[in-house]
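I opened the model to look up a few helices, loops and contacts. My entries follow in the order in which I made them.

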Amino acid sequence: AYRIFNTVLKGNKNDWSALMGIGYVYSQYRSYDKATTNLEESLRINNQSKTIKESVYTPGTYGEFWIESNAKSTLAWCYYNKENYDKAIGLFKEVLKKHSKWIDVYDGLAWSYFRKGDVKSAEVEFNKALEIDKNYASSVQGFNVVKAGKNGQYNLALNYYYSGYYD
């Protein structure tokens, strides 16, 4: 995929679709600086990115889940992974204005709040995700982290958190 998108960009460096695609590739390879650069440029050229259906898996769990995403939600996850939680929160909220049923966006918003230390907001967003799919593994883990922490079971909360490799 990288070679294809790169070839397109050599012919037209402003091809928003190729910029988005290569941004996804960089995101998958955890090269978040390159991913954000390409995704932001794609969105600058065309702010109406395509919806992508993708299969995701939550570390420490079994099974995969089908989600919907776009360049902006992927960009939000990149900022989350770069530990820029305020930027991630802003982008996740923007996506939710148009896509209020995208579970992965609620999940990302919840984890961003959690990482900022806003446990109450994290719980609210995990609950919204679980209203869409009560079995969505990442949100189930997140809800368990919040619940255990609220009950004073900090070791259990940390166990839930680190078993999902969300660091």
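Entry on D86. I looked up D86 and found it in helix α5; helices (H or I, at least four residues) and strands (E, at least two) are DSSP runs, numbered from the N terminus. The model is predicted, so I note that local features need pLDDT of at least 70, that side-chain atom pairs count only at pLDDT 80 or more, and that totals for chains, interfaces and linings use all residues. Residues are numbered from 1 along each chain as its sequence is written, and side-chain values use heavy atoms, with hydrogens and water left out.

Is D86 buried or exposed? D86 counts as exposed because its relative accessibility is 51%. Buried means under 20% relative accessible area, exposed over 50%, and partly exposed in between (1.4 Å probe, protein chains only). I then checked its partners. The side chains of D86 and K116 are joined by a polar contact of 2.4 Å. A polar contact is a pair of N or O atoms within 3.5 Å; within protein, one must be able to donate a hydrogen and the other to accept it, and residues adjacent in sequence count only if both atoms are side-chain atoms.

Entry on α6. How many residues of α6 are buried? I read 11 of 14, so by the cut-off for burial the helix is mostly covered. Among the buried ones are D104, D107, W111 and S112. Just after α6, G117 has a positive phi of about 95°.

Entry on positive phi. Most residues other than glycine have a negative phi. I found R30 with phi near 60°, a positive value in a residue other than glycine. R30 sits in the loop between α2 and α3, and counts as exposed because its relative accessibility is 65%. E83 also has a positive phi, near 65°, and is not a glycine. I placed E83 in the loop between α4 and α5, where it is exposed with a relative accessible area of 55%.

Entry on the core. Which residues touch the most other members of the largest nonpolar core? They are L39 and F92, in a core of 43 residues. α2, α3, β2, α4, α5, α6, α7 and α8 each supply at least two residues of this core. A nonpolar core is a set of buried Ala, Val, Leu, Ile, Met, Phe, Trp, Tyr and Cys residues joined through side-chain atoms within 4.5 Å. Leaving out residues up to four places away in sequence, L39 touches L19, M20, G23, Y24, A71, T74, L75 and C78; contact means heavy atoms within 4.5 Å.

Entry on S27. S27 lies in helix α2 and counts as buried because its relative accessibility is 13%. With the residues up to four places away left out, S27 touches Y32, A35, T74 and C78.

Entry on the whole protein. I counted 9 helices and 2 strands, in the order α-α-α-β-β-α-α-α-α-α-α. Of the 167 residues, 46% are buried.
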